[in-house]
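Biologist: Could you take me through this structure? I have not seen it before.

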Amino acid sequence: MDQLPTDRLSPLASRVDDVLALYGYEMRPAIDAIDDAVTGYGGLFDPTTTDAEIRTAVEAVLAADPPLTGDDRRGSADEVVLYVDGSSRGNPGPAGAGAVLLVDDDPLGQLGRPVGGRAENNTAEYAALHLGLEALAARCHPTAVEVRIDSRTVIDDIWGDGDGVASAAPYRPAIRDRIAALPACEWTHLVDSDPNPADARAAVGADIAALGP
């Protein structure tokens, strides 16, 4: 799975995103690898860990042998449910994207990434859908996909006749191409009370986007 586009990130957040890309945007093993490389008892989100210690740990992870990821275990699946969500703190502010792929309620991918240090929530929502579809294309050949998403802006743009937002330009063409290549794809609009497992990944992505300098 190729590294995906981001809005402006700090140099440190950008290098953490490099680690996430190395791990196929599987957030938990990527963060675990960084935590393990941090000297002492700190970790990526430990308030006692300095930016310099994080940077050293990240460079060590990137220099190590590449890990086995979900992208290396491509297979077939009947129906896939794809949850996506974006998060922006301040709107605009540090933003992240999350995506969770399920096959028969079992996780095929639990992904997250930073989107930008000062990005809008709508941008993060497009980035989340792009992340999920790219991971799907890298990991399996589904017969049908149901996208579960809470953004009416994205739904109306991608599946309807809405104009979307200008900041979606880095994501929109690839999203449309990936959906067009699927045998079947439908969407379900999530309301605030609906559970969305991608939400937590998007929130951590926003935490990473806030790292700096």
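Biologist: Is helix α4 mostly covered or mostly uncovered?
Modeller: Mostly covered: 16 of the 19 residues of α4 are buried. Please keep in mind that this is a predicted model.

Biologist: What length does α4 reach from its first C-alpha to its last?
Modeller: Helix α4, residues 121–139, reaches 27 Å. That is close to the 27 Å expected at 1.5 Å a residue.

Biologist: Turning to Asp 85, where is it found?
Modeller: Asp 85 is found in strand β1, which covers residues 75–88.

Biologist: Which side chain of opposite charge is nearest to Asp 85?
Modeller: The nearest is Arg 201, 10 Å away. Asp 85 has no salt bridge, yet it is buried.

Biologist: What does Asp 85 touch, then, leaving out residues up to four places away in sequence?
Modeller: Its contacts include Glu 125, Ala 128, Asp 150, Asn 196 and Asp 199. Gly 96, Ala 97 and Gly 98 are also among them.

Biologist: A new topic: at roughly what angle do the axes of α2 and α3 cross?
Modeller: The axes of helix α2 (residues 27–37) and helix α3 (residues 51–63) cross at roughly 115 degrees and come within 8 Å. The contact is made by Ala 33, Ile 34 and Ala 37 of α2, with Ala 57, Val 58 and Val 61 on the α3 side.

Biologist: Is that crossing of α2 and α3 left-handed or right-handed?
Modeller: The α2 and α3 crossing is right-handed.

Biologist: Finally, how far apart are Ala 200 and Ser 87 in sequence and in space?
Modeller: They are 113 residues apart in sequence and 9.2 Å apart in space, C-alpha to C-alpha. Ala 200 lies in helix α7, residues 198–209.

Definitions and conventions: Residues numbered from 1 in each chain as written. Predicted model: local features only at pLDDT ≥ 70, side-chain atom pairs only at ≥ 80, totals over all residues. Heavy atoms only, no water. Helix = DSSP H or I, 4+ residues; strand = E, 2+ residues; numbered from the N terminus. Buried < 20%, exposed > 50% of the residue type's maximum accessible area, 1.4 Å probe, protein only. Lys, Arg positive; Asp, Glu negative; His and termini not counted. Salt bridge = Lys/Arg side-chain N within 4 Å of Asp/Glu carboxyl O. Contact = heavy atoms within 4.5 Å. Expected span 1.5 Å × (residues − 1). Axes fitted to C-alpha atoms, helices over the stretch in contact; angles between N-to-C directions. Left-handed = near helix turned anticlockwise from the far one by under 90°.
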